[in-house]
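Student: I have a model open here and would like a close look at a single part of it. Could you take me through that part and what surrounds it?

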Amino acid sequence: KLDYFVGSWETASKIWMGPGEPMASNGSATISWALNGLFQKQEYSGEMMGKPMTGVGYTGYDIYNKKYIAFWIDNSSSAFFTMEGTFDQSGKVLSMYGKMDDFMTGEHDKTIAFIMKIVDNNKFIFEMHDLAIGGEKTMTGEITYTRKK
């Protein structure tokens, strides 16, 4: 199911740091198979809060535990994000969950949802949700990936 994500992508990001309008920025990503095809490697470059941002993530399928697993690191913090989850029945939505420390609030081990929604052959949306917020407005970030032609 991960084959879909391989390729070169333009990105449009929105980050909500609180109520009001999100911060918007653009970037790019390359996703390729790595480590004998067991994992996908994403190399991302863009902007975060007006500063250059680069990141690297790996995603794969853990055959022993029968779930998708991933980790992410970038130059915007010293945090190491890990997550795990499954695709829905349609095979178009991968929902993964993990923990994060929030340097803005000082909270530790907040549960975060990372959701990847395949829109069509050339677009997917990556959402980040802070589940500790509760209610309907848990989204803290959204990145729209559009395949480069």
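Student: Which side chain meets that of Lys-14 in a salt bridge?

Tutor: Happy to walk through it with you. This is a predicted model, in which local features need pLDDT of at least 70 and side-chain atom pairs count only at pLDDT 80 or more, while totals for chains, interfaces and linings use all residues. Residues are numbered from 1 along each chain as its sequence is written, and side-chain values use heavy atoms, with hydrogens and water left out.

The partner is Glu-142: its side chain meets that of Lys-14 at 3.5 Å, N to O. A salt bridge here is a side-chain nitrogen of Lys or Arg within 4 Å of a carboxyl oxygen of Asp or Glu. The pair links distant parts of the chain, with Lys-14 in strand β1 and Glu-142 in strand β10, 128 residues apart. Strands are DSSP runs of E, at least two residues, numbered from the N terminus. Lys-14 is partly exposed because its relative accessible area is 35%, whereas Glu-142, at 15%, is buried. The cut-offs are under 20% for buried and over 50% for exposed, with partly exposed in between (1.4 Å probe, protein chains only).

Let's stay with β1, which spans residues 7–15 and also holds Thr-11. Thr-11 counts as buried because its relative accessibility is 4%. Its side chain joins that of Tyr-44 in a polar contact of 3.5 Å. That term means a pair of N or O atoms within 3.5 Å; within protein, one must be able to donate a hydrogen and the other to accept it, and residues adjacent in sequence count only if both atoms are side-chain atoms. Setting aside residues up to four places away in sequence, Thr-11 touches, among others, Ile-143, Thr-144 and Tyr-145; contact means heavy atoms within 4.5 Å.

Tyr-145 leads us to the largest nonpolar core, which has 26 residues; Phe-5, Trp-9, Met-83, Phe-124, Phe-126 and Tyr-145 touch the most other members. Such a core is a set of buried Ala, Val, Leu, Ile, Met, Phe, Trp, Tyr and Cys residues joined through side-chain atoms within 4.5 Å. The strands that each supply at least two residues of this core include β1 and β10 (139–147), while β8 gives the most, with 4 residues.
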